Structures are given as structure tokens and as C-alpha cells.
Amino acid sequence: MDKQEKRRHVMELWKSCFHDSDAFVDFYFTEKYVDENVAAVWEKGRLLSALQMIPYTSTCWRAVFPVSYIAGASTAPDVRGRGLMSGLLRQSFREMFARGVAFTVLIPAGQGLFDYYTRFGYTPVYYGREISFSFPVEKYAESEERPLSRSLIYEYFSCRQHSSSCTILHDRRDFEAIARDIESEGGAIVSVSSHDRITALAFAQYDGTCIFISEWMYDDPFSRTALLEKCASRFRCSKICCRMISDKQGRAYGMARIIRVEDMLKVWASLCPECSCRLPVTDEIIPENNGLFVVEKGVCYKKSLDIGTEAMDIGRLSALFLMGEDENGCCPFPRQQPSMSLMFS
């Protein structure tokens, strides 16, 4: 089977399992699909189950790590319950480990799937909440300012991304794909600037009744207000709903799982040579993560776990690394509010 035929089968399975428009699916399989990133189960020439491992990078502890985003995890309805997706997830973890991926992330397609992915070591780390604003549209006239170049807009976007302690990063190509997707649906990337220097940016969509801002960034409260006013003017709509990063007081929307414990700890050790910790870890799927990891004097090394040692599972460790949160209240890692937005899924 050639690559085009395989792509067609994966696309058809996607369409049978999700409710995305044909336009979006065609767009996704043009922009993000790569044959080598697909893990699949076939039976007599029929595709039964598939997922895609989309490569990204992410900041964490203000370092940058390779990550893999699970997209399109799907199984044909008539063969569910046979453990096909379970096998694919385990297979994908081995592939990610071989590729040097530090951790993997995903956005469950429904709330009921959080428990399912927890069984494989994923844990909720991405939380958000929505806040609403209302503006008297008639106050705001259409702006006649000269539009800024896409390069300037991406430069600001990239700088703000990298300033976050823990966020999934989008490169220039991905940014352009996101922009085309939003604009094809009648949305826009709205910016506020002063003397050609951008001070605020929003990815805004409009459904005819409300403006929804899925990602926004700004330098100060004044720029934030100016950005919201400009969105109201752009779409001639007074109602705006914005997604905000949140702690656990918000709603969980995304999960993560550590793939390479030792690699991440080596980076942490180099960043914080004054810190020390001992982390007994157990991972039922990736045996290379089993052991006692010792961090001291800027280095990390692994020892075997002594029999009877109480170890933390990989899900708890994932929350420890990415959120700086531990149920025992003792954590050597900084508190972070991880963010993941503008994902194709």
C-alpha cells in the first residue's frame, strides 16, 4: 500500500469517528499529516485503529523539550473493546522514546476519556477557564491603521510563547497554518500596536453572535483593553469570550505523560545545580523509567530501586515535573501553569 492510499484510509477513519467538517479534515491532512507519524492496526487490508504522533516542542522550566502530540486517536466503532487503541498507545510510547521525545500531550475528545488515558500514565496538567466581556460596539469605529506584516506578528507571538515557563510552541509554518484555518472560517488575528511595535495579539473567531478568543497575549492592562475593543470593532459584536490559562480551579482540557524521565532530570540538574532530590519512579509501560533518580551538584544519575521501596507512578511524576505539584507538599520543581492552545486535533 502506498502512502497516498494509507493517508486516504486514515482520513476515512478520522471522518467516521469525529464530527469535523470535510473542509477541516482536508486542511488537517494537508498541513499536519505525515505518514511516518502514524501508528495503525490493519486487518485484511482494512484500517481498524490509528493515531498520529505530531512533533512539537514545549518550554518547561524555561528550557525547550521535544514533545509529541497525540492526534486522531480513533478506532472503527464495530471493533472497539478489543484493546486496539491500548496497543497503539503502548507502541507509540516506544516510538517516542526512540525518537528522544521528552513527554507526550493530548486533548481528550470527551470528558469520559480522561480516565481512559490515565490508565496509560497521562495526567491532567492543562487547565483553563473562560471569561466574558461586553462592549458597546457603536463606540468603536473601524480602524484605518496600516496593517502590520505577518512577520512582525509572528515575531511578537514567538517571543511571548518562549517567555512562558511551560507552553507548547508553534513554529512559523504552524503559525501560518493556524492563521489560514482561522481566516478560512471568518476569524482573524487581531493585533494592537504602537509605532509599529505590537503590544497585544488575539486569535479571534466569530460565530455570528459571539467573538471567541482562543489565545491572546498582551503587554499590560491598557493593551488588553485596547485589544478587546479592537476585536469588538472588527466583528461589530459586543459579546466576547476569552479562554484563560488556569490552575486546578479551572477545567481540565489537556493531559501529559513523561516519556524520558532521565533526560528531563538531566536538564533540570544543569539548570539548577544547587538543587538536589531523590525520585523513586515506576513506569509500567516504559521500563527505562523505572529506578531511583538522584539529582545533586548539577548532575543526574539512576540507581536500581531497592525491594520494597515506595515509588511514585509516572502520572504523579508528570504532574510534579510540569505543574510543580505534589500531593505530599514537597516538590523541588517550580510551580507552573502549563498551556496548550491552537492545536489541530
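Reader: The charged end of which residue sits over the ring of Phe 97, and how far is it from the centre?

Author: This is a predicted model. The residue is Arg 94, whose charged end is 5.2 Å from the centre of the Phe 97 ring. A second case is Arg 234, with its charged end over the ring of Phe 235 at 4.8 Å from the centre.

Reader: How many aromatic pairs does a search of the whole structure find?

Author: A pair of aromatic rings is described by two quantities, the distance of the centres and the angle of the planes. In this structure the search gives 26 aromatic pairs. One example is Tyr 154 with Phe 175: the ring centres are 5.2 Å apart and the planes stand at 55°, so the pair is tilted. Planes count as edge-to-face only when over 60 degrees apart, and as stacked when under 30.

Reader: Which parts does the pair of Tyr 154 and Phe 175 tie together?

Author: Tyr 154 belongs to helix H5 (residues 150-162) and Phe 175 to helix H6 (residues 172-184), so the pair links parts that are 21 residues apart in sequence.

Reader: Are Tyr 154 and Phe 175 buried or exposed?

Author: Tyr 154 counts as buried at 14% relative accessibility. Phe 175 is buried as well, with a relative accessible area of 0%.

Reader: Which residues form one aromatic cluster with Trp 14?

Author: Phe 18, Phe 24, Tyr 28, Phe 29 and Tyr 33 form the cluster with Trp 14. Of these, Phe 24, Tyr 28 and Phe 29 are among the buried residues of helix H2 (residues 22-31), which also include Val 25, Phe 27 and Glu 31. The cover over the buried residues of H2 includes helix H1 (3-17), strand S2 (46-60), strand S3 (63-75) and H6.

Reader: What does the side chain of Gln 336 reach at 2.9 Å?

Author: The side chain reaches the backbone oxygen of Leu 322 at 2.9 Å. A polar atom of the Gln 336 side chain also lies 2.9 Å from the backbone nitrogen of Trp 61. Neighbours within four places in sequence aside, the contacts of Gln 336 include Cys 60, Ser 165, Cys 166, Phe 321 and Met 323.

Reader: Last, the strands. In which sense do strand S5 and strand S10 pair?

Author: Strands of a sheet pair through backbone hydrogen bonds, either parallel or antiparallel. Here strand S5 (residues 123-134) and strand S10 (residues 239-245) are antiparallel, with 7 bridges. Phe 133 stands opposite Ile 240 in S10. Strand S9 (residues 211-218) pairs with S10 in the parallel sense over 3 bridges, and there Ile 213 is opposite Cys 242.

Reader: What is the order of the open sheet of 4 strands?

Author: The order is S14-S13-S12-S15, with mixed pairing. Strand S14 (299-303) and strand S15 (312-313) are the edge strands, each pairing on one side only. Strand S12 (residues 277-282) and S15 run parallel, joined by 2 bridges, and Val 281 is opposite Met 312 in S15. Helix H8 (residues 261-271) packs on this sheet and touches S12, strand S13 (291-296) and S14; the direction of H8 makes about 150° with that of S14.

Notes. Residues are numbered from 1 along each chain as its sequence is written. This is a predicted model: local features need pLDDT of at least 70, side-chain atom pairs count only at pLDDT 80 or more; totals for chains, interfaces and linings use all residues. Side-chain values use heavy atoms; hydrogens and water are left out. Rings of Phe, Tyr and Trp (its six-membered ring) pair if their centres lie within 6.5 Å; planes under 30 degrees apart count as stacked, over 60 as edge-to-face and the rest as tilted. Buried means under 20% relative accessible area, exposed over 50%, partly exposed in between (1.4 Å probe, protein chains only). A charge sits over a ring if NZ of Lys or CZ of Arg is within 6 Å of the ring centre and within 35 degrees of the ring normal. A polar contact is a pair of N or O atoms within 3.5 Å; within protein, one must be able to donate a hydrogen and the other to accept it, and residues adjacent in sequence count only if both atoms are side-chain atoms. Contact means heavy atoms within 4.5 Å. Two strands pair if DSSP finds at least two bridges between them. Axes are lines fitted to C-alpha atoms, for helices over the stretch in contact, and angles run from 0 to 180 degrees between N-to-C directions.
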